[in-house]
Amino acid sequence: MRRLLLLILNELKMVRTALPIHLIAVFQPALMYLIMASVLVHPTFEVNITEPTDDAGKRLLEAMYDVGSPDGVPYINPVFLDDNDPIGAGIVTVEEIGDQPTAIYRYGLIDSNIVKNLRNRLTAAALRVWDDSLDGRAVTIIERPWLPHDPTYNLYFGMAMLPMTTFLAASLIGGFLTAQEFEFDTILEYRLSPVSPAVVLTARLVRLVLISWLSAGILLTVIGLLNDVWPASILAVTLILIPIALVGGGIGISAGLLLRSSLPAFVIGLGSAFACWILGAAFGLPAGFSGAYEFVSRFVPNSYAVELLFPLYYDTTIGDSIRPILALTIFSAVALGLAALAYRRRVLTCQE
Amino acid sequence: MKRFRILLSTEFKAWRRDPITALGGFIPPTLILIAFGLLLGGRLNFKLAVINHDAGSYGEVLRETLAEVESPFGVPYYGVLELSEEEAWETYRAYRIDGMWIIPEDFSAKLEAGNNPEIEMYFINYNNDRAKNHRIYSAEILWHFYEKIGQPAPTIELAEEYPRSEMVHWFPVIAVGVTLLAVTLGGAFNVYALTYKEQISRLTLEFGLSPRSLLWVLLPKTILALLAGIVTGTAFLGILYLWLGVWPGIYLWAVWLLFGLVALFWIALALVVGLRARNYMAGAIGAVLGALLVFFVSGGLNLWRWNAHNVNWFSWLFPYIYAVDPLRDMILFNAWPVDWKSALTITSAFAAGALAIGWSFATRKLRRMG
């Protein structure tokens, strides 16, 4: 135990030898979140419109202001354009076609996602006008949302970045440090050491978990300050992120041991961290996407971490917690087993 | 010229020895492309259960309408699932479907009598974007439902006009963004690959002591990294052709030109970092993560031209945003970009400025070490 503590202490002291890399791994995800949060989707879209002159157009415009969420977030921000202004994504004009007032959306682009968003908003506004004319024959939709309010997309996005942040820090630093042992020939010390490989790897993993926590902690603080939402239990968040740090650390250490060069180890750490992030519920819960995505996400640890983090941020569950805990345990065991095997191959038996 | 050829050949031999780093521009973007393909390449609709208690016929018409009305993605807004009421509640509560519409027993009767018919829409709203979609999708459904059951004509009809006959979907838009990311990373990683061994073996000291101009050292690295970036991008174009059936055709030369100009910017940046002995890896990691960040916020995920006023200041500092939409024009639509001149001028200025600064900075650093 004393040896382990000394090794952990030594690992922590070694932070000074690669301080800039630690700083990048710790702060970069929070910076990335801050910048991405400023460009993420917002329910309010600007809809260009020629200022209406007739009654139907004016009613449509009024309805545009009414389209929104019950929380008071408008979905349409009408922007008046003159004839000579560039239309950007498109422009709505209300014209008489065969005595029938018609709202024509002249799109400036053919991006299906943007067209969908703009079309839906115009239809929602025009439906309100239609409903007003139907008296009692209009169909009312009674909304029964899952949560009492609509949380912002930024909150989900940030929450799903927590596992990625943890993974990235552990895999980058784990891969880099381990590869450097070969580049600077300090691996010889490990080869000559009488200390059990389990103790050496544990010390390194403890360090990686601590640094990952620090990175995730900074991101968690930024998410909290930006959205004014904090997880129900910080302790639970830190526990959930341990297996992710172990997986990232295991992959990073394995890459460093097998490739023995910092740059390729970095490529593997970076690629796996970002792929696991995107495939692991980065932009929404996997059930909300295609069957193929949902299937593949089951093989990614981040998905299970997001499943466990979800109740802490949303005060509601999405299935039982046994399955994700079991899955994360298996992922960690596999990654650690891989690191132990790589260590045995490259350090203990010195296979080139 | 002979000196240049020798140095180029030496660099090329060194480059071949580190295939994983040489593929650094290829491996992460490929993983990202596959991930986005799985995320957005499938059916983009809401899984919905419809519980129809209606004693009349309108409930069934509404259910049919839900399954029929298509979004610009070319699929219905809702994928209606055949589930019993019990199954529907169970899957909804476990969040395996996005929503449930419950049509009450008196729906048709109230509709016929003009007595304010209602339906209940249960939906998952863990983020405001999905909640918004549920609300505005429902408007599309009701609009078509009204038309189908012969409600009195709408006060305002709707019509649409498009600049092109075809629609471009989200994944192809992102795929071109990832291709430009691959070019960027291809250039940057290969500069690191070409300077890494020199860092480890302290060859940079010898460079610093060289009596000749250090451009002889920097030029071969720049050219090799540039070629690597363009080759990486071209390999991605091949993937795009096989996966999505898109190819720039006669505009390939222009695509290569923009690839090269964007790559040169990052190559120059990477050179500055790559030839610094201290904090080499930190610089490399920072630059590569920076390139990824630029991809995510500077038009990599969306067409930005229509939304230029919402682009943040950070994005304008890098050439990526100026090149990505013109590339989409050429790769996805085989169309000449309307802003070609400005794209070319700006990316050329970025490349020239970055190279001038990068080369002189790298030279000074090397001389100082020498």
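## Tour of a two-chain model

Select A:A245 in helix α8 (residues 234–259) of chain A; helices (H or I, at least four residues) and strands (E, at least two) are DSSP runs, numbered from the N terminus. This is a predicted model: local features need pLDDT of at least 70, side-chain atom pairs count only at pLDDT 80 or more, and totals for chains, interfaces and linings use all residues. Residues are numbered from 1 along each chain as its sequence is written, while chains are lettered from A and ligands numbered from 1 in the order in which they are written.

**Around A:A245**

Is A:A245 buried or exposed? A:A245 counts as buried because it has 29 C-beta neighbours inside 10 Å. The cut-offs: buried means 20 or more other C-beta atoms within 10 Å of a residue's own, exposed means 12 or fewer, and partly exposed is in between, with C-beta atoms placed from the backbone. A:A170 sits 75 residues from A:A245 in sequence, yet 5.6 Å away in space, C-alpha to C-alpha. Beyond four places in sequence, A:A245 is in contact with A:T166, A:A170, A:L208, A:V209 and A:S212 (contact: C-beta atoms, placed from the backbone, within 7 Å).

**Two loops in chain A**

Go to A:D228, in the loop between α7 (197–227) and α8 of chain A. A:D228 is not a glycine, but has a positive phi of about 55°. With 9 C-beta neighbours inside 10 Å, A:D228 counts as exposed. Next, pick A:D99 in the loop between β3 (90–97) and β4 of chain A. Phi of A:D99 is near 70°, again a positive value in a residue other than glycine. A:D99 counts as exposed, with 5 C-beta neighbours inside 10 Å. Most residues other than glycine have a negative phi.

**Where the chains meet**

Show both chains. The contact takes 95 residues from chain A and 88 residues from chain B. On the chain A side, α4(A) gives the largest share, 17 residues. Then colour β5(A) and strand β4 (residues 118–123) of chain B: six bridges join them, and they run parallel. Strands pair if DSSP finds at least two bridges between them. Within this pairing, A:I142 stands opposite B:E120 in β4(B).

**The core**

Finish at B:A188 and B:I267. Of the 247 residues in the largest nonpolar core, these two touch the most other members. Such a core is a set of buried Ala, Val, Leu, Ile, Met, Phe, Trp, Tyr and Cys residues joined through C-beta atoms within 7 Å. Helix α8 (residues 170–200) of chain B supplies the largest share of this core, 19 residues. Leaving out residues up to four places away in sequence, B:I267 touches B:G187, B:A188, B:V191, B:T222, B:A225 and B:L226.

Conventions:
Contact = placed C-beta atoms within 7 Å.
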